[in-house]
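Trainee: I have a model open and would like to learn how to read it. Where do we begin?

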Amino acid sequence: MTVLWLVEQADGGGVADVSLRALTFARSLAGGAMPSAAPSASAASQIPASAPEPAEAASWMYQKRGYSPTNGTFIGDEKAGGGGAAASPVTDGAHGSGGAIAVVFGDAASAPVTELSSYGVADAYVADLPGLDGYAPQAWARALAGLAAELSATAVVAAGTDHGSEVMAHLGAITGLPMAANCVSAVRNAAGELELVRQRWAGSLLEDAVLDASPALLTVAADAVAAAPAGEPAATSVHVYQPGLEEADLLVSAAASAERSSGVSLATARVVVGGGRGVGGPEGFGVLEELASLLGGVVGVSRVVTSEGWRPHKQQVGQTGTRISPELYLACGISGAIQHMAGCLSSKHIVAINTDPDAPIISHADYAVIGDLNQVLPALIAAIKARGG
Ligand SMILES: Cc1cc2nc3c(=O)[nH]c(=O)nc-3n(C[C@H](O)[C@H](O)[C@H](O)COP(=O)(O)OP(=O)(O)OC[C@H]3O[C@@H](n4cnc5c(N)ncnc54)[C@H](O)[C@@H]3O)c2cc1C
């Protein structure tokens, strides 16, 4: 089966971790080796596809289940109290065996070939969009639509990031096909339909769905699978693809973003230093900025902080902010409300610094420091500097 995978590059270069997770999902789907992460629904209701051809043949059925209002429900949860990366629905035998094809936007010279090779990608298409250097959602979607048709793709997969979701929504509009967001597993049944489990309500509810459409358009929840390199690296062939674009496809494009010019974006950062009400005010964030800079990361904040006007909304983590999946989330003076946790539970490691041992975030954290951040953070910075930065 041919599955196209939209590559999202990290700000510092290479493929973003969240995109590699989507690749691991795509590779398993292509290899047909992804087991169901949960029992399928016994009954389902159907939403008729309202889109024109070719979606007339597409159908979409779903049933909600597994709602947990306090912790959120995550399949294969490894952490006490909920959260964290789910157990991978990828079997060992599937690594490197799938036919996932990478679609990279940018120039061929900057394609992350070494990384693609180590993740078992044999073919990468570099979409050459004349006059466009940066992100252009509709143009990217047009290119994906063209490639999906040319390569007879059975699925197109992207990470459930802002960019991934936006491009896939455009792809759905262009092709008239339904798009399933935030999937955590996908299994093709005997009838050729895809049986999906996907996250709803910021991850606090899981939905069983059946998608009958080709290609299937899917985004992957950040914590659906861990990024898994292939057992055997592939010899990656790079092909240049020149899509036929329409004038309207070029209306929206971003050549650069503030996050990129300053180095790292919140959504793809490997380290996020989070600050909440406990930071005390806008002036308190200097120490968090310093620590984030020492760790090569960025500052993220709770909604209280943005509501108070201490920091801009683009730094907010959570249900109504950015969903993050860093290697390390250092949450300082943040209580861990469910709406905040919805945006950070797919962090690989959560370390909480809080004066209150009963703060909800403590039960989600891998490590907790019970103490005043005004003492803990300067001590941490001094220790990092003493070790040479
Ligand atoms: C529809 C909706 C959507 C929402 N979306 C979001 C969202 O996207 N993101 C989000 O974050 N919130 C969101 N919220 C708000 C959320 O419910 C919480 O109100 C918010 O997350 C709390 O922010 P906080 O943890 O910074 O503040 P608080 O809950 O007030 O917690 C402050 C913490 O700091 C600790 N503390 C205080 N002083 C110190 C110190 N000196 N050192 C160490 N620790 C200290 C305290 O013990 C406490 O645990 C949403 C709410 C609603 C209703």
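Mentor: With a working term. A residue is counted as part of the shell around a molecule if its C-beta atom, placed from the backbone, lies within 6 Å of that molecule. Helices and strands are DSSP runs, numbered from the N terminus. Keep in mind that this is a predicted model.

Trainee: Which helices and strands each supply at least two residues of the shell around the ligand?

Mentor: They are α7 (303–307), α8 (338–341), β15 (349–354) and α10 (373–386). The shell holds 27 residues, and the closest are G276, G278, R303, G318 and S335.

Trainee: How many residues of the shell are nonpolar, polar and charged?

Mentor: Seven are nonpolar, 16 are polar and four are charged.

Trainee: How many bridges join β14 to β15?

Mentor: Five, in the parallel sense, with β14 covering residues 328–332. Two of the bridge pairs can be found by residue: L328 is partnered by H349 in β15, and C332 by I353. β14 also pairs with β12 in the parallel sense, again over five bridges. There, V272 stands opposite Y329 of β14.

Trainee: Where do the side chains of a strand point?

Mentor: In a regular strand they alternate between the two faces of the sheet.

Trainee: Is β14 mostly covered or mostly open?

Mentor: Mostly covered, since four of its five residues are buried.

Trainee: What about the chain as a whole?

Mentor: Start with the counts: ten helices and 16 strands. Of the 389 residues, 50% are buried. Among contacts with a separation of 6 or more, 70% are between residues 24 or more positions apart.

Trainee: Which residues touch the most other members of the largest nonpolar core?

Mentor: V3, L4, W5, V103, L144 and V157, in a core of 72 residues. Another core lies apart from that one; it has 39 residues, including L266, V287, L291 and I324.

Definitions and conventions: Residues are numbered from 1 along each chain as its sequence is written. This is a predicted model: local features need pLDDT of at least 70, side-chain atom pairs count only at pLDDT 80 or more; totals for chains, interfaces and linings use all residues. Ala, Val, Leu, Ile, Met, Phe, Trp, Tyr, Cys and Pro count as nonpolar, Asp, Glu, Lys and Arg as charged, and the others, Gly among them, as polar. A residue is buried if 20 or more other C-beta atoms lie within 10 Å of its own, exposed if 12 or fewer, and partly exposed in between; C-beta atoms are placed from the backbone. Two residues are in contact if their C-beta atoms, placed from the backbone, lie within 7 Å. A nonpolar core is a set of buried Ala, Val, Leu, Ile, Met, Phe, Trp, Tyr and Cys residues joined through C-beta atoms within 7 Å. Two strands pair if DSSP finds at least two bridges between them.
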